[in-house]
Amino acid sequence: MGNQKETQKNPQYKYASTREKLCFGIGAIGKDAICNLVGAFLMLWSSDCRIQRRAQQP
């Protein structure tokens, strides 16, 4: 109950600022971009390189 009363007295702690929201959104977009790039690389590497190596083996 103590935290709820403190939040009501200081409303700046209740909501994120516009700057925090913007930075969080940019960070989320960056994280998703990196995950997609790594996933695409691994998918292409595993499908192209590994299949060609198996085909070249006698």
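Which side chain does aspartate 32 meet in a salt bridge? The partner is lysine 31, at 3.0 Å from N to O; a salt bridge is defined here as a side-chain nitrogen of Lys or Arg within 4 Å of a carboxyl oxygen of Asp or Glu. Side chains of opposite charge can pair when their charged atoms come close. A search of the whole structure finds 1 salt bridge.

The model is predicted, with local features requiring pLDDT of at least 70 and side-chain atom pairs pLDDT 80 or more, whereas totals for chains, interfaces and linings use all residues. Residues are numbered from 1 along each chain as its sequence is written, and side-chain values use heavy atoms, leaving out hydrogens and water.

The secondary structure consists of 2 helices and 0 strands, assigned as DSSP runs (helices H or I, at least four residues; strands E, at least two) and numbered from the N terminus. Helix 2 spans residues 18-56 and contains phenylalanine 41; serine 47 also lies in helix 2.

Of the 58 residues, 0% count as buried, where buried means under 20% relative accessible area, exposed over 50%, and partly exposed in between (1.4 Å probe, protein chains only). Aspartate 32 is partly exposed because its relative accessibility is 37%. The protein exposes about 5,800 Å², with carbon and sulfur atoms supplying 61% of this area; the areas come from the Shrake-Rupley method with a 1.4 Å probe, and for residues only the protein chains shown count as cover.

Ile34, Leu37, Val38, Phe41, Leu42 and Trp45 make a nonpolar surface patch of about 630 Å². Patch residues have over 30% relative accessible area and no salt bridge, with nonpolar side chains (Val, Leu, Ile, Met, Phe, Trp, Tyr) joined within 5 Å and like charges within 9 Å. Phenylalanine 41 counts as exposed because its relative accessibility is 55%.

Serine 47 is partly exposed, at 29% relative accessible area, and its side chain reaches the backbone oxygen of methionine 43 at 2.9 Å. Cysteine 23 is partly exposed at 44% relative accessibility, as is cysteine 35 at 49%. The structure holds 0 disulfides, a disulfide being a pair of cysteine sulfur atoms within 2.5 Å.

Technical notes: A polar contact is a pair of N or O atoms within 3.5 Å; within protein, one must be able to donate a hydrogen and the other to accept it, and residues adjacent in sequence count only if both atoms are side-chain atoms.
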